[in-house]
Amino acid sequence: MDQAGVARVRVIARAALVAPVTGRARREALFALAGAPIGFGFLGIAFGGALAIATAAGPTPDSAAWTAIWAPVLVLLLLILALAAARPLGGVIRWLAAWLLAERISEPPPLRTRHGLPARPGKQGWLAARFRDGPGWRATVYLLLKFPVAVFEFYAVAWWAAGIADLTYPFWWGLMRNHPPGTHLSPVPVFTPFGLFGSGTFRVATFPGTFAAFAAGVGMVLAAPWVTRAVVWVDRWLIRVLLGPRTLAQRVRDLERTRALAVNDSAAVLRQVERNLHDGAQIRLATLAMNLGMAREKLGADGDPSDLAAVRKLVDAAHQGAKDALGELRELAKGIHPPVLDNGLTDALATLVAGSAVPVKLTTSIARRPSAAIESIGYFCAAELLANAVKHSRAETIMLEAAQRDSTLRLTVSDDGAGGADPHGTGLAGLAQRIRIVDGHMEISSPPGGPTRICVDLPLRV
Amino acid sequence: MRVVIAEDAAMMREGLTRLLTERGHEVCAAIADGEALLAAVAQHRPDVAVVDIRMPPTHTDEGLRAALELRDRYPGTGVLVFSQYIETRYASELLAGGAAGVGYLLKDRVADVAEFADALARVSAGGTALDPEVVSQLLAARQPGVAALTPREREVLTLMAEGRSNAGISSALVLSTGAVEKHVASIFGKLGLPPSENDNRRVLAVLRYLGS
């Protein structure tokens, strides 16, 4: 094998060894465990309800009337309850997925009547709206499918549990199995995913035998993250398809809208650049040229100038104008693309923070570099949020955090200021739009009186 | 010369005011938007107005609109439109009502103080001052008739469009006045302008450029 091949094998081997102790494996296992009660519960209640109807229908004397009239009514009622419960339960799953899987699915649009008005219980059209509620139906389907998925998720968790348990055999064997010689002891069962119940997969009777259990444990713990990931991947996919707001058509509409935002935004940026040049450096240079022109005229074609003081003043003004124009061009260029951003977001943010009027505490942990566009958007988000905090919050200190986790870059800007930031104000709304273009997400918490905390999540790649 | 200046960049406004004052002209008013310009002209009745195209509130072409209105209301007042860009369409609109007392210059031209002052004086006296940039854009557009001109004739036409007299053209191109006159006659011929008593043909030649 050549050297590169050896290196590649080494990288893969290390990834396989480290997989069980990564945060991702831990979070996925937790998700597999946490989502299960909902899956079991939903189907359980539905099933229990159906059973209750069936038993209630059974012993009554006039059971034909029951089946004909009451049973359908109760089934209908159950369905309505299921549809009503599915949305909030779906919300819990979405929240778990966002928290543990970094799978950010936006909330489906709220329940609406046929006329597009918000539907509330008691209001006219609520019931009909429930039955026409696509997201509600899809969430119900998800929760019904969640049952088998949860079974597998539990199974994946069993890989972890049994694996870790098996690792312990050699350690307690000596403590537990110290009976006097001659005592007859039954062998101890070892559980693996291939035999989880009863007498286990195999049984060990001697201390050397515990090493077989240990070896099985090692194998299971090494495999567990991948089994979990595979099962969670299916769940992820179901969540994406069934708990999001989007049918494909909706996604297309959404993309159309964000594309329009992107196009308008880049046009606006170019217009702003032109405007800044027109009102800034260009006018300064024109004035400078005028001052020099006047100075040259005062100097005359030959001989001593009549009014040297005036010439000096004009040249001074032109000199100052040239310096101002240079400064303005530099600022403008930096505003288009700060050169330090080429070194990565960490350096760029450090430079940004150094120039802040209010002290900023910066922490960055970016192991994997985002794509250039994301770095740029992240940088300008941070710049604008910092500028906002400095301008409006009257904060004493500002915290800026940039952390990359899995495939997400999260920027957090928090301050101890007065709060009350308006998410619908032009500044924050404009920022939110720019973030939406790359399927990013912004969360604002700024109660009156403070503190303000704004989180921006960006995908690492566009 | 009595001048009104409409320019929204304070730096440029003050510079222009100083420049013109130092040359012995009277700056009656220096304002920053189109409406104030119309009011100032109504009040002071200057010989000439220097007008920036992009001014508040929309920063698009309110200066041009105001300039057109000035041409309409006060035909005796020269209008020198002054901008950082040359737009052929703006030039056509300005010249649509005739080329007398109209100028359209890039702001860069203030660097040559004397030439700028000359151009302003020309406009004030009912002449024309078009930026060489206007002319080169028009040449690039290849108006019919213009294609038939020799390079030398184009040069002459360019200077003519800038508003120069035959004497001015002859000194700029280092030609004898007679040679310039010959070129001018040839241009008139190629552009199909019949001989007439007055100098209007010069203006017409420029307008022919603009296809208006």
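How many bridges join strand β4 of chain B to strand β5 of chain B, and do the two run parallel or antiparallel? In this predicted model, five bridges join β4 (residues 78-83) to β5 (residues 102-106) of chain B, and the two strands run parallel.

Six strands of chain B form an open sheet in the order β2-β1-β3-β4-β5-β6, with parallel pairing. Its edge strands are β2 (26-31) and β6 (128-130) of chain B, each of which pairs on one side only. Direction ignored, neighbouring strands in this sheet are turned by 20 degrees against each other on average.

Helices lie across these strands. Helix α1 (residues 10-22) of chain B lies across β1 (2-6), β2 and β3 (48-52) of chain B, and runs at about 175 degrees to β2(B). Helix α3 (residues 62-73) of chain B lies across β1, β3 and β4 of chain B, at about 170 degrees to β4(B).

Now for chain B as a whole. Its secondary structure comes to 10 helices and six strands. Of the 212 residues in chain B, 45% are buried. Among contacts in chain B between residues at least 6 apart in sequence, 63% join residues at least 24 apart.

Next, follow the contact between the chains, to which chain A gives 14 residues and chain B gives 13 residues. On the side of chain A that touches chain B, α8 (248-279) and α9 (281-299) of chain A each supply at least two residues. The largest share of that side, 12 residues, comes from α9(A). By class, this side of chain A has six nonpolar, five polar and three charged residues.

Our last stop is helix α12 (residues 372-392) of chain A. At 1.5 Å a residue, its 21 residues should span 30 Å, and the end C-alpha atoms are 30 Å apart, so the two values agree. Buried residues in α12(A) include I377(A), C381(A), L385(A) and L386(A), along with E375(A) and N388(A). An α-helix has 3.6 residues a turn, so residues three or four places apart point the same way. The cover over the buried residues of α12(A) includes helices α11 (345-354) and α13 (426-437) of chain A, together with strands β3 (360-365), β4 (398-405), β5 (408-415) and β7 (452-459) of chain A. Just after α12(A), R394(A) takes a positive phi of about 55 degrees.

Methods: Residues numbered from 1 in each chain as written. Chains lettered and ligands numbered in written order. Predicted model: local features only at pLDDT ≥ 70, side-chain atom pairs only at ≥ 80, totals over all residues. Contact = placed C-beta atoms within 7 Å. Helix = DSSP H or I, 4+ residues; strand = E, 2+ residues; numbered from the N terminus. Nonpolar A, V, L, I, M, F, W, Y, C, P; charged D, E, K, R; others polar. Expected span 1.5 Å × (residues − 1). Buried ≥ 20, exposed ≤ 12 C-beta atoms within 10 Å, placed from the backbone. Pairing = 2+ DSSP bridges. Axes fitted to C-alpha atoms, helices over the stretch in contact; angles between N-to-C directions.
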